[in-house]
Amino acid sequence: MPASYVKPYVKRQKNDATDAEAICEAVTRPTMRFVPVKSEEQQSVLMLHRVRELLIRQRTMLVNALRGHLAEFGIVTRQGSAGVGMLIALVEDGDHDVIPPLARSALLLLVGQLREVHEKVSEMDRQIHAWHRSNELSRRLETIPGIGPITASAIAATVTDASLFKSGRQLAAWIGLVPRQNSSGGKDPSRKDQQTRRSLSPPASRRRGARGPPLQPERQNGADALGCRASGEEAVQHRRCCFGKQDGADRLGVDGDGQAL
């Protein structure tokens with residue numbers, strides 16, 4: 001039984017006796033769902049897939065390390081296996097001085113490990129394909145459009161009894177193939193925007209028409225904030241030194257009179 005289905009029957013102070021009592025109580029429920037036990041053959045095939053996935057992650061790490069180290073010397077190639085092949089050929093070619101000798105000796109270790117991991121991944125693929133050809137269920141799954149030997153063998157080894165699922169949608173949800181959640185979680189986004197605008201708006205006492213001094217802007221653009229005319233050289237100098245971002249025509253490299261700075 002799934003542990004999440006037994007947990008509601010566990011009383012407080014969790015211990016072995018309480019867990020055993022909860023299991024005995026849950027197993028008697030008429031609507032309880034049970035986990036089918038996989039055979040040793042299925043567990044072995046799933047182990048092949050897990051080892052293959054680990055090796056693929058290691059291969060990706062080695063490729064990224066090789067690209068990153070060569071990028072420090074300004075050597076960058078296109079993405080994909082073709083680009084990796086060019087980098088490997090460049091590292092193994094000792095007739096040029098683009099890569100220093102010490103760097104080449106270190107990168108040769110990465111290249112050797114990369115070749116070894118790639119051969120192991122190919123060996124895992126051969127074993128998975130061999131089991132796929134010997135299993136009738138896996139071959140039948142391959143006839144579905146979009147499913148190849150790797151996916152078919154993984155499904156055949158993971159799903160012990162497909163009759164336990166009421167529909168294909170339930171099976172997909174059990175595997176983890178669920179649509180992406182784009183909903184707002186029951187919250188109204190327009191109401192949230194109204195609350196945000198209300199929190200950012202000034203208080204009523206500082207709005208136009210209310211008593212009290214009018215709301216002054218935090219920053220005044222132009223030379224009026226400096227108390228001088230926009231056409232003066234002093235205003236231009238003050239703009240440059242006082243403001244982190246220049247406004248108006250100064251962004252284009254000219255002053256207020258249109259003269260180049």
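Which residues have the most contacts inside the largest nonpolar core? They are Leu66, Leu70, Ile88, Val91, Ile99, Leu107 and Leu114, in a core of 21 residues. Keep in mind as you look around that this is a predicted model. The chain has 10 helices and 0 strands, and buried residues make up 21% of its 261 residues.

**Overall layout**

- Read from the N terminus, the elements follow the order α-α-α-α-α-α-α-α-α-α.
- Of the contacts in the chain with a separation of 6 or more, 42% are between residues 24 or more positions apart.
- The chain exposes about 19,600 Å², and carbon and sulfur atoms supply 54% of that area.

**The nonpolar cores**

- The largest nonpolar core, with its 21 residues, draws at least two residues from each of helix H3 (40–71), helix H4 (81–92) and H5.
- H5 gives the most to this core, with 9 residues.
- Leu70 is one of the residues with the most contacts inside the core; leaving aside its neighbours within four places in sequence, Leu70 touches Ile75, Leu87, Val91, Ile99 and Leu107.
- There is also a second, separate core of 7 residues, and among its members are Leu46, Trp131, Ala156 and Ala157.
- As background, nonpolar side chains in soluble globular proteins tend to be buried together.

- His132 belongs to helix H5, which covers residues 101–134.
- His132 counts as buried because its relative accessibility is 4%, under the 20% cut-off.
- Beyond its neighbours within four places in sequence, His132 is in contact with Ser138, Arg139, Glu142, Pro149 and Ala152.
- Ala103 is also found in helix H5, and its relative accessible area of 18% falls under the 20% limit, so Ala103 is buried as well.
- Although Ala103 and Phe73 are 30 residues apart along the chain, their C-alpha atoms are separated by 9.9 Å.

- Met1, Ile23, Val27 and Phe34 together make a nonpolar surface patch of about 340 Å².
- Ile23, one of these four, sits in helix H2 (residues 16–27).
- How accessible is Ile23, buried or partly exposed? At 43% relative accessibility, Ile23 is partly exposed, because that value lies between the 20% and 50% cut-offs.

Notes: Residues are numbered from 1 along each chain as its sequence is written. This is a predicted model: local features need pLDDT of at least 70, side-chain atom pairs count only at pLDDT 80 or more; totals for chains, interfaces and linings use all residues. Side-chain values use heavy atoms; hydrogens and water are left out. Buried means under 20% relative accessible area, exposed over 50%, partly exposed in between (1.4 Å probe, protein chains only). Contact means heavy atoms within 4.5 Å. A nonpolar core is a set of buried Ala, Val, Leu, Ile, Met, Phe, Trp, Tyr and Cys residues joined through side-chain atoms within 4.5 Å. Patches are made of residues with over 30% relative accessible area and no salt bridge: like charges are joined within 9 Å, nonpolar side chains (Val, Leu, Ile, Met, Phe, Trp, Tyr) within 5 Å. Accessible areas come from the Shrake-Rupley method with a 1.4 Å probe; for residues, only the protein chains shown count as cover. A salt bridge is a side-chain nitrogen of Lys or Arg within 4 Å of a carboxyl oxygen of Asp or Glu.
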